[in-house]
Amino acid sequence: MKIILVMSVVLLIIISNFISSIAVTSAEDNSCNDAYRLLSEDKVDEAISILDEKLSIDGKDVVAISMLGEAYRKKRNHNKALKLLNMAISADPKYPISYLYKGKLYFSMQIFEEVQEEFNLFLENAKPLAESAENRAFYVKCLHDIGTIYFELKRYDDFRAILDR
């Protein structure tokens with residue numbers, strides 16, 4: 001009887017820890033979603049605060065590092081943005097959004113020859129994103145951002161190629 005009671009307590013502890021880890025993971029995922037929403041609403045300082053807090057918990061979170069780079073691009077702190085985006089790419093060279101943000105950064109900095117290279121790296125690495133029904137709308141938004149920049153650069157063939165995707 002005592003063995004069953006002890007095993008029940010151990011099982012409850014394991015289940016409780018598992019549920020807590022899911023809640024923490026969910027809260028962490030929501031923090032990036034919240035930061036993305038805030039960036040979309042141009043509430044950059046609020047997004048930076050959320051991302052800084054997330055990175056204080058997990059300093060290697062590539063999504064948060066990339067978004068923080070995008071936030072600093074929006075604040076026109078190009079050096080800090082570039083440093084963060086290079087850090088994200090070093091940590092995970094297959095994460096496509098870092099390349100998207102870096103291409104947008106180069107466009108902001110008017111280093112136009114680098115823009116296409118970064119966008120090509122985004123497209124190379126974005127195949128899983130493009131194929132995921134869950135992420136399809138986000139992928140299309142990324143293509144829209146790239147297309148808009150190509151259009152502004154008068155790179156109409158590249159713009160048309162983006163539309164064809």
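**Ground rules.** I am working from a predicted model, in which local features need pLDDT of at least 70 and side-chain atom pairs count only at pLDDT 80 or more, while totals for chains, interfaces and linings use all residues. I number residues from 1 along each chain as its sequence is written, and side-chain values use heavy atoms, with hydrogens and water left out.

**Overall fold.** I looked up the secondary structure and found 9 helices and 0 strands, where helices (H or I, at least four residues) and strands (E, at least two) are DSSP runs numbered from the N terminus. Along the sequence the pattern reads α-α-α-α-α-α-α-α-α.

The chain exposes about 10,200 Å², of which carbon and sulfur atoms supply 57%, with areas taken from the Shrake-Rupley method and a 1.4 Å probe. Contact means heavy atoms within 4.5 Å, and among contacts with a separation of 6 or more, residues 24 or more positions apart account for 47%.

**Salt bridges.** I counted 13 salt bridges, each being a side-chain nitrogen of Lys or Arg within 4 Å of a carboxyl oxygen of Asp or Glu. I first took R73 and E70, whose closest N and O atoms are 2.8 Å apart; both residues lie in helix α3, 3 residues apart, about one turn of the helix. R73 is buried at a relative accessible area of 15%, and E70 also counts as buried, at 3%.

I then turned to D145 and K104, a salt bridge whose closest N and O atoms are 3.4 Å apart. D145 lies in helix α8 (residues 136-152) and K104 in helix α5, so this pair ties together parts that are 41 residues apart in sequence. Here D145 is buried, with a relative accessible area of 13%, and K104 is buried as well, at 12%.

**D158.** I also looked up D158, which has its place in helix α9 and is buried at a relative accessible area of 18%. Leaving aside neighbours within four places in sequence, D158 is in contact with Q116 and Y150.

**The largest pocket.** About 270 Å³ of space lies in the largest pocket. On a 1 Å grid over the protein atoms alone, a pocket is an open set of points where a 1.4 Å probe fits, with protein on both sides within 12 Å along at least five of seven lines, and lining residues have an atom within 4 Å of a point. Of the 12 residues that line this pocket, I noted C32, N33, V63, M67 and Y95 as the closest to its centre. Helices α1 (2-40), α3 (62-74) and α5 (96-108) each supply at least two residues of the lining, and the largest share, 4 residues, comes from α1. I recorded the lining as 8 nonpolar, 1 polar and 3 charged residues, where Ala, Val, Leu, Ile, Met, Phe, Trp, Tyr, Cys and Pro count as nonpolar, Asp, Glu, Lys and Arg as charged, and the others, Gly among them, as polar.

Terms used. Grid points are joined across faces, edges and corners, and a volume is the space filled by probe spheres set on the points. Buried means under 20% relative accessible area, exposed over 50%, partly exposed in between (1.4 Å probe, protein chains only).
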